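Here is a friendly tour of one protein model, written to be read with the structure open beside the text.

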Amino acid sequence: MVKMKDNSQSLTKNHEDLKFKDPVLVTKPLLPDLEKYNEYLERIWDKQWLTNNGPIVNEFKEKLKSKLKSDHVEVFSNGHSALEIAIQSLNLKGDVITTPFTFASTTHAITLNNLNPIFCDINRENYNIDVSLIEELITDDTSAILPVHVFGNPCDLKKIDKIAKKHDLKVIYDAAHCFGVEFDGIPISQFGDISMFSFHATKVFNSIEGGALTFNDSDLILKLKALKNFGITPEVETVDYIGQNAKMNEFEAAMGICNLELIGHAIEMRKNIYELYENNFKEVSAIKTIKIDPKVKSNYAYFTILLDSNQQRDFLFKKLHQSNVFVKKYFYPSANEFPVYNYDLNLSVSKKVSDCILSLPIYPDLSLDTVNKISELIILFLNEFEKFNV
Ligand code: T4K
């Protein structure tokens, strides 16, 4: 039987008592004081400039350079478009080795560039691409590796870099979850050819919708600017690329600037929540959590639990929803199993993890009492599951 930690045993054990009156969502957006945001709205109204490379977007971009510790930052209307454009900017051909354990965006960004996603299974520790399997997938058609730092935990950066150099491949990191993350004191933006950060409302840091690319090659600056603006290169009044409209607007940039002031405190609050969940589940054998590498400065973007079986996960999912706790199945199913791809591959770890994973609520103003109550509900439901499935 799963057991609750000692310090929680005194709490009630009746799940009707524990049911939440108001819904608890998996995340809530970070929002600044309305007064602060209004200052930016007044500036927008005064200037009557809403989008197309406005002054607030440029101000945001400059601030991001120091926050993400990258000399080259370009901002976009959302993370997905940024990723699609990152791939397009590198003139890739053929196959791109990627992870099946991710949000639909990653795989679609490859396919929408007329490239083939080659799925590589993931590791069991933090569910990132299994670097020991990459080389056997490389062929003459391979032009890049596109790993995801899943849930904000960095991939094996050194090994990926080594493989890419050896086989002359580009590396684009989907760092959608990685705002503010560092590895061994080095900002995550410094790794690979390009990294994509998502600033969607549900992320650790948001600009409503939005995203950014960080990159080292200054030759990409003008190309990325053009690709997000229909391929137009204004300096020479020509259209050099088949681009899209992926420009960030002034309202989004204003939200981003306001939220930059809050992000430090927000991450500290997330850390407290993450550690409390970890502690509450420490002795629960049916639950596996991700151990953060001590070399990583984390942003505590997601807190996930891995259950023993798909039935157990789905039972818990249903019971928690009935109790008003809206956990999510990030990420399910494994991307190779999307009907739109439906690749018949044996990616056993990705399948197991996507079948058994649940993301629990985590956001800065989630109270620690609520975290304890959610933990207790989970233990209660796991006991219930075990009782009926012996
Ligand atoms: N790569 C990776 C690895 C990604 O995870 C993502 C996005 C991308 C690329 C693409 O980046 P973007 O183009 O999105 O910038 C959400 C997000 O929409 C998506 O951004 C994110 N990953 C994905 C993991 O999660 P859903 O379909 O789960 O969102 P939804 O509407 O169910 O919202 C989640 C929870 O947040 C709900 O409980 C409600 C709450 N919520 C949501 C919104 C939008 C709020 O409280 N307020 C809000 O404004 O995809």
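With which side chain does the side chain of Ser-334 make a polar contact at 2.6 Å? The partner is the side chain of Asn-336. Before going on, please keep in mind that this is a predicted model, in which local features need pLDDT of at least 70, side-chain atom pairs count only at pLDDT 80 or more, and totals for chains, interfaces and linings use all residues. Residues are numbered from 1 along each chain as its sequence is written, and side-chain values use heavy atoms, with hydrogens and water left out.

Ser-334 is found in the loop between strand E15 (325–326) and helix H11 (348–356); helices (H or I, at least four residues) and strands (E, at least two) are DSSP runs, numbered from the N terminus. Ser-334 is buried, with a relative accessible area of 1%. Here buried means under 20% relative accessible area, exposed over 50%, and partly exposed in between (1.4 Å probe, protein chains only). Leaving aside neighbours within four places in sequence, Ser-334 is in contact (heavy atoms within 4.5 Å) with Pro-100, Ser-350 and Ser-354. From Ser-334 to Val-131 the C-alpha to C-alpha distance is 18 Å, and the two are 203 residues apart in sequence.

Glu-182 lies in strand E7 (residues 182–183) and is buried, with a relative accessible area of 12%. Not counting residues up to four places away in sequence, Glu-182 touches Lys-69, Pro-187, Ile-188, Lys-295, Val-296 and Lys-297.

The table lists the side-chain polar contacts of these two residues. A polar contact is a pair of N or O atoms within 3.5 Å; within protein, one must be able to donate a hydrogen and the other to accept it, and residues adjacent in sequence count only if both atoms are side-chain atoms.

| Side chain | Partner side chain | Distance |
|---|---|---|
| Ser-334 | Asn-336 | 2.6 Å |
| Ser-334 | Ser-350 | 2.7 Å |
| Glu-182 | Lys-69 | 2.8 Å |

**Rings**

How many aromatic pairs does a search of the whole structure find? It finds 23, where rings of Phe, Tyr and Trp (its six-membered ring) pair if their centres lie within 6.5 Å, and planes under 30 degrees apart count as stacked, over 60 as edge-to-face and the rest as tilted. Phe-101 and Tyr-127 are edge-to-face, because their ring centres are 6.0 Å apart and their planes stand at 80 degrees. This pair links distant parts of the chain, 26 residues apart: Phe-101 is in the loop between strand E3 (95–98) and helix H5 (104–111), and Tyr-127 in the loop between strand E4 (116–119) and strand E5 (142–146). Both Phe-101 and Tyr-127 are buried.

Tyr-277 and Phe-303 form a stacked pair, 4.7 Å centre to centre with 20 degrees between the planes. Tyr-277 belongs to helix H9 (residues 263–281) and Phe-303 to strand E14 (residues 303–306). These two residues are buried as well.

Ring pairs also join Phe-101, Phe-103, Tyr-127, Phe-151, Tyr-302, Tyr-330 and Phe-331 into a cluster.

**Domains**

The domain assignment, which is automatic or from a database, gives domain 1 (15–29 + 262–388) and domain 2 (34–260). Their C-alpha centres lie 26 Å apart, and the contact takes 37 residues from domain 1 and 41 residues from domain 2.
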